[in-house]
Amino acid sequence: TLALHAAGHLPPWNDVISQLLNRVGFSLSVFLSVWGTVKIAHGVKSLKLDLLGLIAKKDDPIEPFRGLGSTAAPTLLTVVTVFVFAGQSVVQHDSWLRGIITGAAWLLAGIALWTFVWVYLNLQIGLNRFGRFPLSLQVYPADRSLGLRPLGRLAFTGFWTFVILLSSLVLSAAANQLGLIIGLLVLLIGVALFFLSLRRLNRQMVAVKQREIAWAQHLYAHALEPVREAGTLEALQRQSSQLSAAEALEKRAERIQEWPFDESTFARVVTISSTVVAAIIARLLLAPFDV
C-alpha cells in the first residue's frame, strides 16, 4: 500500500498518524487471533487428563468441544468478507486496484480473525455442554475449584483474548460511529455468553458448596448438643475439639468457589469488561467533536 501511494496509484492519506494507528490496531488483532486460536486449541486438548476423573468413564471430557477443529465455517466467512469489503471498496472509490488491495488484506486477516471467532464460539458452546455432565466434584483441601481450575483458566484466557482483540479492532476504527456501536454490542453479548456458558458448572459448584456447608453445620449442631444439655463449662471443654473441627469444616466449605475461577479472576473479568466498555462509550461521545 505504501509503495502504491509513493507511485501515485493511490491517493495520499489525509491523516498519516491515524492511518498508521489503524493498521497497528488491526495487526494486533490478527496477532491475537492466531495466538488465541493456538492457545485455546492446545488448552482443550490438555483438558482430557485434567478432567477425566470428574465424569463417567464412558464419557470423553473433550467431546463437548467437537466443533472446534472445523475449517469450513471460517473459510466460508472469510470468502464472504473478502467479496463484501472488496466490492465496497471498488464501488466507494471507483478503483479496481483499491478493491484488489482490500480483498487481499481481508483474505489474510479474515482467515485469522474468523478462525479465532469460530474457535472461541465453540469454546463457549463446549463449556455449556460440559456443564450438562453430572460431575463428580470432590472437595480437595488445597483446591477450592473442586478440580475445575484448568477449565476456568482456559475460559478466562479465551475471554480476555476476545475482549482485547475486539477492543483493538473497534478502537482502531474509532472514526466509524457505526463500528463503535456494533463493537459495543458484540462486547456486551460476549460478556453475557461468557457467564452463560459457565452457568451449568456454576450450579453444580454451588450445589456442592451448599451440601458441604449443611454437613458441617449438622456436625457442629451435633457436637454442640451435649453442651446445651449440660449447660456447663466442663461440657464445653469436652466438646471443644469436635466443635473446632466442625467449625474448620464449615469455613473450608464456605471457601469453595462458585465459579471455576477464583474471586480475583472474577474481578479481572469485570474490570477488563468495564474498562473497554467505558473506552468505547467515551469514544462515541467524543466522535461528534472529531476528537
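**Core and helix packing**

The largest nonpolar core of this structure has 51 residues. F130, L135, L148, L151 and L187 make the most contacts inside this core. The model is a predicted one.

**Core make-up**

- Six elements are listed here as giving two or more residues to the core: helix 2 (16-51), helix 4 (96-130), helix 5 (149-172), helix 6 (177-197), helix 7 (199-230) and helix 10 (263-286).
- Helix 5 supplies the largest share of the core, with ten residues.
- Beyond its neighbours within four places in sequence, L151 touches L47, L51, F65, L127, F130 and L201.

**Helix 4 with helix 6**

- The two axes, of helix 4 and helix 6, come within 8 Å and cross at roughly 30°.
- Angles under 35 degrees count as roughly parallel, so helix 4 and helix 6 are roughly parallel to each other.
- Helix 4 makes the contact through Y120, Q124, L127 and N128. Helix 6 answers with G190, L193, F194, L196 and S197.
- By class, the residues of this contact are five nonpolar, four polar and no charged.

**Helix 5 with helix 10**

- The axes of helix 5 and helix 10 come within 11 Å, crossing at roughly 10°.
- Helix 5 and helix 10 are therefore roughly parallel to each other.
- From helix 5, the contact uses F156, F159, W160, V163, S167, V170 and L171. From helix 10, it uses T265, R268, V269, I272, S273, V276 and I280.
- This contact of helix 5 with helix 10 has ten nonpolar, three polar and one charged residues.

Note on methods. Residues are numbered from 1 along each chain as its sequence is written. This is a predicted model: local features need pLDDT of at least 70, side-chain atom pairs count only at pLDDT 80 or more; totals for chains, interfaces and linings use all residues. Side-chain values use heavy atoms; hydrogens and water are left out. A nonpolar core is a set of buried Ala, Val, Leu, Ile, Met, Phe, Trp, Tyr and Cys residues joined through side-chain atoms within 4.5 Å. Buried means under 20% relative accessible area, exposed over 50%, partly exposed in between (1.4 Å probe, protein chains only). Helices (H or I, at least four residues) and strands (E, at least two) are DSSP runs, numbered from the N terminus. Contact means heavy atoms within 4.5 Å. Axes are lines fitted to C-alpha atoms, for helices over the stretch in contact, and angles run from 0 to 180 degrees between N-to-C directions. Angles under 35 degrees count as roughly parallel, over 145 as roughly antiparallel, 65 to 115 as roughly perpendicular and the rest as oblique. Ala, Val, Leu, Ile, Met, Phe, Trp, Tyr, Cys and Pro count as nonpolar, Asp, Glu, Lys and Arg as charged, and the others, Gly among them, as polar.
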